[in-house]
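Here is a walk through one protein model. Keep the sequence and the 3D view side by side as you read.

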Amino acid sequence: MLKIIFCLHFCLSSSFAYVNLALNKETFEQYPRLIRYNVASNKAVDGIKPDQNYSDEQCSFSKAEKTATWWVNLNSVYNINDIRIYYANESGWGNWYKGLRLGFSIYVSNTTNKSDGVLCYKDNNFTLDTFPEVLDTQCPVYGQYVIYYNERLLGVTYPEDYSNDVFNSLCEVEVYGCPVLGHYGADCNVSCSDADCCYSHVETGTCQGCYSESEGLQCRFEQNTCIEDKTDGILWKATFAGRNKEIPCPENQNGVATRFCDEHGEWNLPNLINCTNEALVNASSLLDGIIANKTQDKFRIQKTVNNTLQLMKKLTSSTSGISAGDLSSSLGVLEKIVTVTNATGSVIEKEVFYAVIDNILSPNNSNSWTTISEQTENGPTFLLKNMDRFSKITLQNDNITATKFNGFNFELVINQTKIDETRIRFPDEQSNKVSPNPEESLTFLELPKQASNATKAINYVAVLYKTMSDILGSDSNSKELKGKQAKKSKQRSFVNSPILSLTTQTDLGVLDPPLNLRFGHTIKKESTEMRALCVSWDFNLNKWSEEGCTVIQTDRQRTVCHCNHLTNFAILMRPYTQVSEESPFLKTMSFVGIALSIAFTFLTSLIYILTWRYIRSDKNIMMLNICGSLILSYTIFISSVEQTSNEVACVAITAIIHYFFLVTFFSMLGLGVYYFMSITVTYYALYVANNFKSKSRIHWFLGGIWGIPVIITTTNLGAFWGKGYHLKSYCWLSIESGSLYMFIIPVCLISLINILIIVSLLRVLFASSIVARSSLQRKASSGLRSLGTLLPVLGVTWLFGILAVNENAVVFQYLFVIANSFQV
């Protein structure tokens, strides 16, 4: 009977519009600010918000602490539609105070515990410049408490704009919803028809739960729901689909664990990235204190750092792996230890430091590394960066002690040598012989003796990260595949070798001879769609870079590289699909066309040689020159363009083909100039033409034809050496690096000049008395015959090749192949 009366009271009410349910209701502030101004928590629900000013006593302010909680009690469970927050606006303070607000959350709960409620809004995007004065967010749920919360957890890295502490500065919090439970709609005039008086969605009326006097708030869902589940020592209560649940971390851990209930009512894996062992949190706080006050006793600092390292060694030595939260905190603590060591000159226990790194590099932690990479900026490369920092700090000590560390996942040597007298080899031959892992025995670096002005031995640190490839994952930002090729392959780049690093006390600059690196492949599966690249980690760009490194030799098991600088090196396997794979007919046609061109060119040369005594002239010398350079360039091209296995040989082949093609084009330019002087100039200036013909100038022509390409080829080789001079799949110039432009630009200029020459020759042809008196048909016939002869001979048909650079321009590709198959 009571239930029926309850339903009649609420469900038969008439019309109610959305109202501010929070006005003048009970409030709470976790750390109230006690100052001369009245800034109590209830100021945020007093309905006054004209100035939003601190000193006008119209807003609620809290102290700056590590957490900040404010809530309003609506006194009953209501259907809420939206929440509006007016922030204090102190223009005289600048933007700094907004950093204390960034990262806030808004919850609606039936208790004062936010973990029992629903997350309505989480700030992940605002900055100091974009933080709003008024926030309005939809939150169509039911509840009694609206909770405003913020935090700064120890061991968690926050964005740059975030302050170290948080506070609340709320001028007004308005909670709009239906004043009577069981009603919904824009005017709250539609009543719930459920016999049990459901908590309906404030806009749609969808049933979200029911009220039972005997059971309290007992939800009955018509929508998908994640059922209660216990995982990782945490009891996850039933939650609406599409919502994120927050629960305090397990025992002995600080922070909040989160878990998402997807739209199908299935739990995702728990997210424990913010759950950190209390001992690590305390250690991190101690290090923060040292960083803030570097004048502390040096002995005390060293003791604190070494105790922290011993603690970390114990916590990270678990054979089952460490959690993502502890791993993330460990990375943060290691960074602080490096900072303290650099700032105070403390002597730490290096063996323990390296043992911690060896532990956290364990493949058992792969899942935790994946979580960190996805949710923070501190991935595996963050560890490389701090190891690099620590190595540089270690090398500053002139009285360095030779050190060797050989762990399961990480190997290191610290030593000194005279770089101009002795090479550096790491790991040494003896270490490779005893290594149980084949990839490690195949992996080493060798720095040959370098020219140096140093009068004493220099320090160096060499590192081998044995298992880093297991935790680095794939490169989702690979830009190697584009367009159609990207759709054909879902593979990603991945590191396929251990990582080697060499750091010296003084910068050696560009290495000569270069650093030799040999890598054993972690995955030896042979694939024609993958190729090996020698890469180094660029800490400035935060990505792998090919600059300064070249592949000397590669096969299924190993890759040999030369690099002209020092840093962290690896082998990156990158997806690769040949551009021409979709048109095998065009490729076959190209080879047939080249073969025909060589045959016809050779036949032409043979005819010229046999009849040379009768046809000897400067023009025919240049024709033979064209034939010879074409035969050489085409023969080398067709026989060697795919010989990419040997880097040095491929560079030489690329340069030779480039040179002979340029010789061919400059021969065509010379022939064009000869035609121009002999025909066009003869027609318009007979005296100049006769003077040109009075003596042979073939030596000038041949000098330019063979000399200018030498300058262009060597300049191009010097400018792009080690910077992607040739294509990865062919021994020919690369358009990606820009080396191809040193061929395209001269070809385009020569073709343009020869086109102008052809136009001038045609004008002379049509101006002649014989053609002038001919019929239109004969004029057209003469013009076409002339074009058919001059266009290929003067190389204009190669413009089709420029237009055919785009793989979609199939017509120009076929025109280019056909036209140049019969060039001579």
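Which helix and strands each supply at least two residues of the lining of the second largest pocket? They are β5 (105–109), β6 (118–122), β7 (134–151), β18 (243–248), β20 (256–261) and α4 (324–344). Helices (H or I, at least four residues) and strands (E, at least two) are DSSP runs, numbered from the N terminus.

Some ground rules come next. This is a predicted model, in which local features need pLDDT of at least 70 and side-chain atom pairs count only at pLDDT 80 or more, while totals for chains, interfaces and linings use all residues. Residues are numbered from 1 along each chain as its sequence is written, and side-chain values use heavy atoms, with hydrogens and water left out.

Back to the pocket. Rolling a probe the size of a water molecule over the atoms shows where empty space is left. Here the search runs on a 1 Å grid over the protein atoms alone, with a 1.4 Å probe. A pocket is an open set of points with protein on both sides within 12 Å along at least five of seven lines. Lining residues have an atom within 4 Å of a point. The second largest pocket has a volume of about 910 Å³. That volume is the space filled by probe spheres set on the points, and grid points are joined across faces, edges and corners. Its lining holds 34 residues. K122, N124, V156, Y158 and N274 lie nearest the centre. By class, the lining divides into ten nonpolar, 17 polar and seven charged residues. Nonpolar means Ala, Val, Leu, Ile, Met, Phe, Trp, Tyr, Cys and Pro; charged means Asp, Glu, Lys and Arg; the others, Gly among them, count as polar.

How do α2 (residues 278–292) and α4 cross? Their axes come within 10 Å and cross at roughly 25°. Axes are lines fitted to C-alpha atoms, for helices over the stretch in contact, and angles run from 0 to 180 degrees between N-to-C directions. The two helices are therefore roughly parallel to each other. Angles under 35 degrees count as roughly parallel, over 145 as roughly antiparallel, 65 to 115 as roughly perpendicular and the rest as oblique. α2 passes α4 in a left-handed crossing. Left-handed means that the near helix is turned anticlockwise from the far one by less than a right angle.

α4 also packs against α7 (residues 380–395), at an angle of about 20° and with the axes 10 Å apart. So α4 and α7 are roughly parallel too. Their crossing is left-handed. α2 has another partner in α3 (residues 298–315): these axes come within 11 Å and cross at roughly 155°. That makes α2 roughly antiparallel to α3. This crossing is left-handed as well.

Next, a sheet. Five strands form an open sheet in the order β24-β25-β30-β34-β33, with antiparallel pairing. β24 (424–426) and β33 (549–554) stand at the edges, each with a single partner strand, so one side of each is left without a neighbour in the sheet. Neighbouring strands are turned by 15° against each other on average, direction ignored. Two strands pair if DSSP finds at least two bridges between them.

Walk across it. β25 (residues 444–447) and β30 (residues 515–520) share three bridges. There E446 has N516 as its bridge partner. Six bridges join β30 to β34 (residues 558–563), and L517 is partnered by C561. Five bridges then join β33 to β34. V551 stands opposite C561.

Finally, the backbone. Most residues other than glycine have a negative phi, and most peptide bonds are trans. The bond from F426 to P427 is cis, with omega near -15°. P427 sits in the loop between β24 and α8 (429–434). The bond from D512 to P513 is also cis, with omega near 0°. P513 lies in the loop between β29 (499–504) and β30. N24 has a phi near 60°, a positive value in a residue other than glycine. Its place is in the loop between β1 (19–20) and β2 (26–29).
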